[in-house]
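Hello,

Here is the structure I promised to pass on. Please open it first, then read the notes below.

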Amino acid sequence: MSIKIIGTGSALPQKTVTNYDLMELVDTSDEWIKERTGIGSRHISTGETLVSLTAEACGKALENAGREAAEVELLLVATCSPERGIPCAACQVQSAIGAKQAVAFDLNAACAGFLFALNTAYAYVESGIYKNALVAGGEVLSKIVDWTDRGTCILFGDGAGAVYVEKSDNGGVLGFVQHSDGTRGDVLKCDSRALKNPYVDQPMETEYVQMDGREVFAFAVRQVPASILEVLSKTGNSVEDIDLFVLHQANKRIIEGIAKRLSINLDRFPVNLDRVGNMSSAAIPVLLDELNRAGRLKAGMKLVLSGFGAGLTYGACVMEW
Ligand code: UT7
């Protein structure tokens, strides 16, 4: 018994920001950004919210699955950029789409968030606690990015993706691995509201996203192949058995480095970061939706999904489509 993705959906803000647009904000160039990251443009919110984008993605995933919002029993939203601390984004999405009977809550594992949420849904649905789940990853990172910092503002984009899953006797998720290393949290961080109450003498200022890019890069190229090999071994698969490796879309050079370490041809690593940038927890479900709608996911195909990012968190899953 497992869970299977029955439908996918995604939503991106209307505004596209190119590398040339960013050259008006910071000292950078299209050439530098493309060469170091592979990113050419990204979608940036001019009013769309995490909730509006995620609700749109969820609605499309349900439509794609041929299911009604009222049938959804579990609604998980992975995000590290919610508009509100309370209520959680998942409850706001629940209200927006009319998923009246769903149990809804958020999960934050940064760029590995969608994968961790999918594993959470797997645990609930596979064990029989709920019959189905809507699992979304959504971000409006543009509000937590320092638009004067050329080392980070060129990387990120806004958007949301979602999948609808049900219990399945045939294929679906074959296995997961997940890891967290909180001792290395400082390499990619962003403050929430600072402690500012009447009893604090000198309230700290909050910071935007801060990153040691080289450290994150090295971590990803080292740990991601290891976790992919771990999940392949756990599920009795080899790299040759896998049709597509759907990785977190952080940087083209990271994906190339991972492919090289695994000795796998790059054409098995679909990429959309050139058009959408790094959308953290939205990256994997948006890419999955694009592949699904382009007809690139055929029944019986084997996929590896792999997420990695702040925390540090990382994980991978093998599934049969
Ligand atoms: O979901 C995970 C999220 N995080 C990531 O994916 C980050 C992973 N890391 C990376 O993608 C890369 O480390 C970056 C793309 C962020 C940076 O590339 P890098 O090759 O590691 O460059 P660097 O940070 O070592 O900087 C090299 C130079 C520096 O100049 P100096 O000190 O050598 O004169 C930077 O100031 O490049 C400069 N630089 C830029 N130049 C033009 C940094 N950002 C830019 C920029 N445009 N946007």
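**What was found**

Start with Ile258. Leaving aside residues up to four places away in sequence, Ile258 touches Ala220, Val221, Val224, Pro225, Ile228, Leu247 and Phe269. Keep in mind that this is a predicted model.

A second, separate core holds 36 residues, among them Leu107, Ala117, Leu118 and Phe176. The largest nonpolar core has 46 residues. Ile228, Phe245, Ile258, Phe269 and Phe308 touch the most other members there. H6 supplies the largest share, eight residues.

**The ligand**

Which residues are closest to the ligand? They are Thr28, Arg36, Arg150, Arg214 and Asn251, out of 21 that surround it. Thr28 places a polar side-chain atom 2.6 Å from a ligand nitrogen atom. For Trp32, an N or O atom of the side chain is 3.4 Å from a nitrogen atom of the ligand. Asn278 has a polar side-chain atom 2.9 Å from a ligand oxygen atom. Taken alone, the ligand exposes 960 Å², and the protein buries 73% of that.

**Backbone points to check**

Most peptide bonds are trans, and most residues other than glycine have a negative phi. The following spots depart from that.

- Ile86 and Pro87 are joined by a cis peptide bond, with omega about -5°. Pro87 sits in the loop between strand E4 (74-78) and helix H4 (89-97).
- Gly311 and Leu312 are also joined by a cis peptide bond, with omega about -10°. Leu312 belongs to the loop between E12 and E13.
- Ser263 is not a glycine, yet its phi is positive, near 55°. Ser263 lies in the loop between H7 and helix H8 (273-276).
- Ser280 has a positive phi of about 50° and is not a glycine either. Its place is the loop between H8 and helix H9 (283-293).

Are these two serines buried or exposed? Ser263 has a relative accessible area of 68%, so it counts as exposed, the cut-off being over 50%. Ser280 has a relative accessible area of 3%, so it counts as buried, the cut-off being under 20%.

Best regards

How values were computed: Residues are numbered from 1 along each chain as its sequence is written. This is a predicted model: local features need pLDDT of at least 70, side-chain atom pairs count only at pLDDT 80 or more; totals for chains, interfaces and linings use all residues. Side-chain values use heavy atoms; hydrogens and water are left out. A nonpolar core is a set of buried Ala, Val, Leu, Ile, Met, Phe, Trp, Tyr and Cys residues joined through side-chain atoms within 4.5 Å. Buried means under 20% relative accessible area, exposed over 50%, partly exposed in between (1.4 Å probe, protein chains only). Helices (H or I, at least four residues) and strands (E, at least two) are DSSP runs, numbered from the N terminus. Contact means heavy atoms within 4.5 Å. A residue is near a molecule or strand if one of its heavy atoms lies within 4 Å of it. A polar contact is a pair of N or O atoms within 3.5 Å; within protein, one must be able to donate a hydrogen and the other to accept it, and residues adjacent in sequence count only if both atoms are side-chain atoms. Accessible areas come from the Shrake-Rupley method with a 1.4 Å probe; for residues, only the protein chains shown count as cover.
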